[in-house]
Amino acid sequence: MGDASAWAAWVAAATSLATLVVTTVVGGRREHRKWARESLTDAFVAFLEASWAHSDVVRDAPARRPLDGDGAQACYTEMRRQLTRLRLLASEEVLRVGEDLLRAQRTAQEALPGAARQEALLAAARCRRLVVAAAKREMGLP
């Protein structure tokens, strides 16, 4: 009888250990996926918010050239920082459209006031919509 109870205890211990290992591995993967998705979402949101803010600064700038760089440059720098985060977390498609948006924002910042600047801001808006679409695809959203 002692051998049977010892055997049962060993089986129970082994089962508990196996359950613990599986739960830890599966839970760890789940937590990693959750972290990656949250980090990706945060990077997309920060990138797009900086893009909007940059467009606002450029659009509202007085009609002079060169554009007073403090506000616009701070937004542009934030976009670059967030694009670096996206390089670590996102696909090549996302990086391509993100880089296109970054270039469009720089073009808007450097454009002469008037029609050229307005056209550059429209181009940035088109690029921004492509980033939103790519972000949704990346995250499996409709």
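1. Salt bridges, overall. Nine salt bridges turn up in a search of the whole structure, a salt bridge being a side-chain nitrogen of Lys or Arg within 4 Å of a carboxyl oxygen of Asp or Glu. Side chains of opposite charge can pair when their charged atoms come close.

2. Basis of the values. This is a predicted model, in which local features need pLDDT of at least 70 and side-chain atom pairs count only at pLDDT 80 or more, while totals for chains, interfaces and linings use all residues. Residues are numbered from 1 along each chain as its sequence is written, and side-chain values use heavy atoms, with hydrogens and water left out.

3. Fold. The chain has four helices and zero strands, and its pattern along the sequence reads α-α-α-α. Helices (H or I, at least four residues) and strands (E, at least two) are DSSP runs, numbered from the N terminus.

4. R137 and E93 meet through their side chains in a salt bridge, at 2.2 Å from N to O. R137 belongs to helix α4 and E93 to helix α3, so this pair ties together parts that are 44 residues apart in sequence. R137 is exposed, at a relative accessible area of 52%, whereas E93 is partly exposed at 30%. The classes are buried (under 20% relative accessible area), exposed (over 50%) and partly exposed (in between), with a 1.4 Å probe and protein chains only.

5. D100 and its partners. Which residues form salt bridges with D100? One is R96, with 3.9 Å from N to O; another is R103, where the closest N and O atoms are 2.6 Å apart. R96 and D100 are four residues apart in helix α3, so about one helical turn separates them. D100 and R103 are three residues apart in helix α3, also about one turn. D100 is partly exposed at 27% relative accessibility, as are R96 at 46% and R103 at 47%. Elsewhere, a network of salt bridges links D56, R59 and D60.

6. Charges over rings. R128 has its charged end over the ring of W52, 4.0 Å from the ring centre. R106 lies over the face of Y76, also with 4.0 Å to the ring centre. The criterion is NZ of Lys or CZ of Arg within 6 Å of the ring centre and within 35 degrees of the ring normal. R128 also has a relation to D100: the two are 28 residues apart in sequence, with their C-alpha atoms 8.9 Å apart in space.

7. Aromatic pairs. The search of the whole structure gives zero aromatic pairs.

8. Q105. Is Q105 buried or exposed? Q105, in helix α3, is buried, with a relative accessible area of 0%. Beyond its neighbours within four places in sequence, Q105 is in contact (heavy atoms within 4.5 Å) with S51, H54, S55, M79, A124 and R128. S51 is 54 residues from Q105 along the chain, with 7.3 Å between the C-alpha atoms.

9. Nonpolar cores. The largest nonpolar core has 23 residues, and those with the most contacts inside it are F44, F47, L86 and L101. Two or more residues come from each of α1 (2-60), α2 (69-89), α3 (92-110) and α4 (115-138). Another core lies apart from it, with six residues, among them A72, A108, A111 and A120. A nonpolar core here is a set of buried Ala, Val, Leu, Ile, Met, Phe, Trp, Tyr and Cys residues joined through side-chain atoms within 4.5 Å. L86, leaving aside neighbours within four places in sequence, touches L40, A43, F44, F47 and L95. In soluble globular proteins, nonpolar side chains tend to be buried together.

10. Totals. Of the 142 residues in the chain, 31% count as buried. Among contacts with a separation of 6 or more, 71% involve residues 24 or more positions apart. The chain exposes about 9,000 Å², of which carbon and sulfur atoms supply 62%; accessible areas come from the Shrake-Rupley method with a 1.4 Å probe, and for residues only the protein chains shown count as cover.

Notes: Phe/Tyr/Trp six-rings, centres within 6.5 Å; stacked < 30°, edge-to-face > 60°.
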